[in-house]
Amino acid sequence: MPETSLDLLLVPTWIAPVEPAGVVFKNYALGIKDGVIACLEPLEQASKRITQQRIDLPNMLLTPGLINAHGHAAMSLFRGLADDLALHTWLENHIWPAEARWVDEDFVRIGTRLALAEQVKSGITCVSDMYFYPKIACDEVHQSGIKAQITVPMLEFAAPGARDLDDSIQQTIALFNELRHHPRLHIGFGPHAPYTVHDDALKQIAMIANQLDAPIQMHVHETQTEIKDSLLRYQERPLARLQRLGLLGPQFQAVHMTQVNEEDLALLVSTQTQVIHCPESNLKLASGFCPVNRLLEAGVNVALGTDGAASNNDLDLISESRSAAFVAKVTTHSATSLNAHQALRMATLNGAKALNLDTQTGSLELGKQADIMAVDLSGVAQQPVYDPVSQLIYTCNSSQVKHVWVNGKQLLKQGELLQVDEAHLLHAVNQWADKINPQRL
């Protein structure tokens, strides 16, 4: 009999570990010890282990917890505020004025709490968030039990919680040093976009991020307008400008990348820059299509993000994965592009790699932290189950997610949050909704 005792043994019908790629185990069990995956083996063998607790999960698929590699959590309080508008009209005429009027510490506290609750219920165990009052977001992440990369937003003009861009940089450094040893929180720089941050500031951000070995996340090549404006102003494309200023590299996370020519692709490959694909936000804002297949075939790591609920309008990464697969197929005119297993990998291990967490999470491998999602495939819409990963990506949404663990700690049980009082949260959200009422803007 194996000597290693387990804290928890999970016994689902299927396990999709993501690594090795394309594999699905049936009649296997996953064991957890001290928050880490201690065994992944046939049920007959695992059943012989000494186990404190065993949870049987019939008709359920276990996968790594999903990783939302880009979002603006507190903007969940702006969900549905300004729909069906082009990006710059949406930002300049609606979102930025709304932020100037309403965003304060309590807004960020309640909006972040709402977004984290939604994401845990969607099977997400790790998020990347970029929004104002980042210290408040860190506090909410700490309380939630989830993992997160928090990137501090930086713009040339004053923003909620920051006097100017230099103030944002100093806040980032202080927060990075304060939380450098936190087990679930990582801090990075979040220059908003090439068109909202000037050269000298970008050089400074690149230098400090390199000194701290901190990530940089930025909206890049989101629209054709961005490219045209950059060519007029700088006589070069935004990505080339960022390379000249020293930002590109494995720690740089380029969000959106809907406009990619051969020179851009060569830069992404040579610098090993990460790309975060947000298909539903790009579709809703008519921003364009990230050429995911071209990037993956060239060796670029591509992860998935939802963006904020103000432009999506949900934080459902299962739906996002399906959209990514469909967009890849229609833009390449090939039904074989980005299959279900590849889409799941983008939502898990690729996300972990983009956030430099792939040694800790993103796949169900021995020694990795037990960040796990259990999805119920017993419903009518999921029958019959030939390939559970296909059913997950093409027939499921967040409502099929029943259990979530982060570092072996259960955060969702039978679809119910264990760390959040939903009734109390919804009351606070409704108070903000009454205050924000769009007719007042």
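Mentor: Phe78, Phe107 and Trp432 are linked into a cluster by ring pairs. The model is a predicted one, and a search of the whole structure finds 6 aromatic pairs in it. One of them joins phenylalanine 78 to phenylalanine 107: the ring centres are 4.9 Å apart and the planes make an angle of 45 degrees, which gives a tilted pair. Phenylalanine 78 belongs to the loop between strand S6 (66-71) and helix H2 (87-102), whereas phenylalanine 107 belongs to helix H3, so the pair ties together parts that are 29 residues apart in sequence. Phenylalanine 78 and phenylalanine 107 are both buried.

A further aromatic pair is formed by tryptophan 96 and phenylalanine 157, with 5.5 Å from centre to centre and 70 degrees between the planes, an edge-to-face arrangement. This pair links distant parts of the chain, as tryptophan 96 lies in helix H2 and phenylalanine 157 in the loop between S8 and H5, 61 residues apart. Buried would require under 20% relative accessible area. Tryptophan 96 has 23% relative accessibility and therefore counts as partly exposed. Phenylalanine 157, at 40% relative accessibility, also counts as partly exposed.

Charged side chains also meet aromatic rings here. Tryptophan 432, a member of the cluster with Phe78 and Phe107, has the charged end of lysine 435 over its ring, 3.9 Å from the ring centre. Elsewhere, arginine 241 lies over the face of tyrosine 234, at 3.9 Å from the centre of that ring.

The buried residues of helix H4 (residues 134-144) are Pro134, Ile136, Ala137, Cys138, Glu140, Val141 and Ser144. Their cover includes helix H3 (105-121) and helix H5 (165-179), together with strands S7 (124-130), S8 (147-154), S9 (185-191) and S16 (409-413). After H4 comes glycine 145, with a positive phi near 90 degrees.

As to annotation, an unreviewed UniProt entry lists residues 62-410 as "domain: Amidohydrolase-related". In the model, that span is 43% helix and 17% strand, and its end C-alpha atoms lie 14 Å apart.

Definitions and conventions
Residues are numbered from 1 along each chain as its sequence is written. This is a predicted model: local features need pLDDT of at least 70, side-chain atom pairs count only at pLDDT 80 or more; totals for chains, interfaces and linings use all residues. Side-chain values use heavy atoms; hydrogens and water are left out. Buried means under 20% relative accessible area, exposed over 50%, partly exposed in between (1.4 Å probe, protein chains only). Helices (H or I, at least four residues) and strands (E, at least two) are DSSP runs, numbered from the N terminus. Contact means heavy atoms within 4.5 Å. UniProt positions are given in the numbering used here, feature names are shortened, and annotations may be inferred rather than shown by experiment. Rings of Phe, Tyr and Trp (its six-membered ring) pair if their centres lie within 6.5 Å; planes under 30 degrees apart count as stacked, over 60 as edge-to-face and the rest as tilted. A charge sits over a ring if NZ of Lys or CZ of Arg is within 6 Å of the ring centre and within 35 degrees of the ring normal.
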